[in-house]
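Visitor: Please take me through one part of this model closely: the sheet and the helices packed around it. Plain terms will do.

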Amino acid sequence: LVEHEDRGGHDEREPQRRSLAEPRRRGMTVGADSGPPGTARLGERAALRLALVVAAAIFVLDQLSKWVILELVMDPPRIIPVLPFFNLVLVHNRGVSFGLFDSQSQWGPYLLSAVAVAVSIALVLWARRADSRMLAAALGAIVGGAIGNVVDRLRFGAVVDFLDFYLPGSGLPHWPAFNVADSAIVIGVAVVALDGLFAARRKPN
């Protein structure tokens, strides 16, 4: 055996060591193959990068959609039927997502913005430690949506909402109008909860 290794000039186990080390160089962690798709474990840099990319994409999409609504579609403001259960509208929401905690106080937008920024910072720190793509992306979606609504509050004193869904013929009130940022926040929170259901499966025995 010693003579064989000397003639070959290297240990036959070396390629196996390199293959195991390769995922670590790419920011991945070996051994997390359970759970739903997208739950492969990440390193800190990869997780933070993914979260920030998703946050930026949500923020841009949210602000672009609001610009289109304000500058092109709602001039003048009106109700635009799109589908039997969906309208485009223009609502200025002084509360949080879906009109919750609506307040007419002049300090309300600034207080809500400060809370949203503080929560976003905490979520970014959490995203650095995210152990799956799904969790990192979900946290990024929440951050992007939160910052998108913060920009609205600082610019207009309220959040611009324009998506109006309802159940036709039911007599029920319309669901509170919302926007792309609200959608990203709700989906992100749901995915974080889903990821938590699989967290125990991803932990090593």
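Guide: Axes here are lines fitted to C-alpha atoms, for helices over the stretch in contact, and angles run from 0 to 180 degrees between N-to-C directions. Helices (H or I, at least four residues) and strands (E, at least two) are DSSP runs, numbered from the N terminus. This is a predicted model, in which local features need pLDDT of at least 70, side-chain atom pairs count only at pLDDT 80 or more, and totals for chains, interfaces and linings use all residues. Residues are numbered from 1 along each chain as its sequence is written, and side-chain values use heavy atoms, with hydrogens and water left out.

The axes of helix H3 (residues 44-73) and helix H5 (residues 133-156) come within 7 Å and cross at roughly 40°. That crossing is right-handed (the near helix is turned clockwise from the far one by less than a right angle).

The sheet is open, with three antiparallel strands in the order E1-E2-E3; two strands pair if DSSP finds at least two bridges between them. Strands E1 (80-83) and E3 (159-165) are at the edges with a single partner strand each, so one side of each has no neighbour in the sheet. From one strand to the next, the twist averages 40°. E1 is joined to E2 (residues 86-93) by three bridges, and Ile80 lies opposite Leu88 in E2. Helix H3 packs on this sheet and touches E1, E2 and E3, contact meaning heavy atoms within 4.5 Å. The direction of H3 makes about 85° with that of E3.
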